[in-house]
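Here is a short report on one protein chain.

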Amino acid sequence: MQRILITGGAGFLGSHLCDRLIGDGHDVLCADNFFTGSKRNVAHLLNHPYFELMRHDVTFPLYVEVDRIFNLACPASPIHYQHDPVQTTKTSVHGAINMLGLAKRLDARILQASTSEVYGDPEVHPQQEGYWGRVNPIGLRSCYDEGKRCAETLFFDYHRQHGLDIKVVRIFNTYGPRMHPNDGRVVSNFIVQALRGEDITIYGDGSQTRSFCYVDDLVEVIVRMMETERGFTGPVNIGNPGEFTMLELAEKVLGLVGGTSRLVFQPLPSDDPKQRQPDITLAREKLGWEPKVALEDGLKETIGYFRKLLAEGQA
């Protein structure tokens, strides 16, 4: 049994990671300030003897005793991270400093949940870990993009300067149950609009691409990364290399939900990447990992979750 801290543990991805680690027999401390996370996501764990929920903002230091730290805290959708861009940058940068300081004090291994957004609007396709990215440092998305890039810098400087045991993963688009219904991300947007019988909003002409990884696959590879040998730091791309246009995704959602929703087109948001696809060669070689859940199967699970939320008046 390990004592494990998960920051952002009541969020979409964090709550699934809590489930996995509790199921593996670990003692889990979930820290979240509930800006985008929800107690609902971890309510089923509250009475578990090896689960503890703590309201905490990572921009402030945290003094606990743990063996492992998963640093997931940060709003991850444009609507949420642009709501308070200064706080978003603080969460990435101050949060990294505070969690790295904790890991240094405890000599604990720490994993940073970075993002494919470090690549910006890429000139290289698919994106490999060695690509430095094409990011606008003063754009509307830069609070998130540059915040995560700076967090990676801090992780590697702590590793080089203090010998800290770090792991860094770059997460590509992930979806599944417990996504926030109003987070503005394309999968949740399309599903909620289709279930409500509203028009499906497509930005641009719908030709821009994304790659979608089901949350169970992503949790599996994050756990594998945390348990690699000490010298392997990453960064490692994790995501599903299957690439779909926004039009293809909308058509899949409509086919599964049914109804009479129409496709409507709106201008493309500022700095929105035109294509996104991970090269997961390193994850295959080092972690023995390959995503298993097909997009259609994952969408069925996600649609079922949102259908239940809507029936309960939660979305």
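Accessible areas come from the Shrake-Rupley method with a 1.4 Å probe. By that method, the accessible surface of this protein chain is about 13400 Å². Carbon and sulfur atoms account for 49% of that surface. Keep in mind that the model is predicted.

**Overall form**

The chain has 10 helices and 13 strands. Its radius of gyration is 19 Å, close to the 20 Å that the globule rule gives for 315 residues, so the chain is as compact as a globular protein of that length. The C-alpha trace spans about 55 × 45 × 40 Å along its principal axes.

**The interior**

Of the 315 residues, 56% are buried. In soluble globular proteins, nonpolar side chains tend to be buried together.

| Core | Size | Residues, among them |
|---|---|---|
| Largest nonpolar core | 61 residues | Ile6, Leu17, Phe70, Val187, Ile222, Leu249 |
| Second, separate core | 26 residues | Leu29, Ala103, Leu106, Ile110 |

Which residues does Leu17 touch, leaving aside its neighbours within four places in sequence? Leu17 is in contact with Ile6, Phe70, Leu72, Val219, Ile222 and Val223.

Note on methods:
Residues are numbered from 1 along each chain as its sequence is written. This is a predicted model: local features need pLDDT of at least 70, side-chain atom pairs count only at pLDDT 80 or more; totals for chains, interfaces and linings use all residues. Side-chain values use heavy atoms; hydrogens and water are left out. Helices (H or I, at least four residues) and strands (E, at least two) are DSSP runs, numbered from the N terminus. The radius of gyration is taken over C-alpha atoms; the globule rule is 2.2 Å times the number of residues to the power 0.38. Buried means under 20% relative accessible area, exposed over 50%, partly exposed in between (1.4 Å probe, protein chains only). A nonpolar core is a set of buried Ala, Val, Leu, Ile, Met, Phe, Trp, Tyr and Cys residues joined through side-chain atoms within 4.5 Å. Contact means heavy atoms within 4.5 Å.
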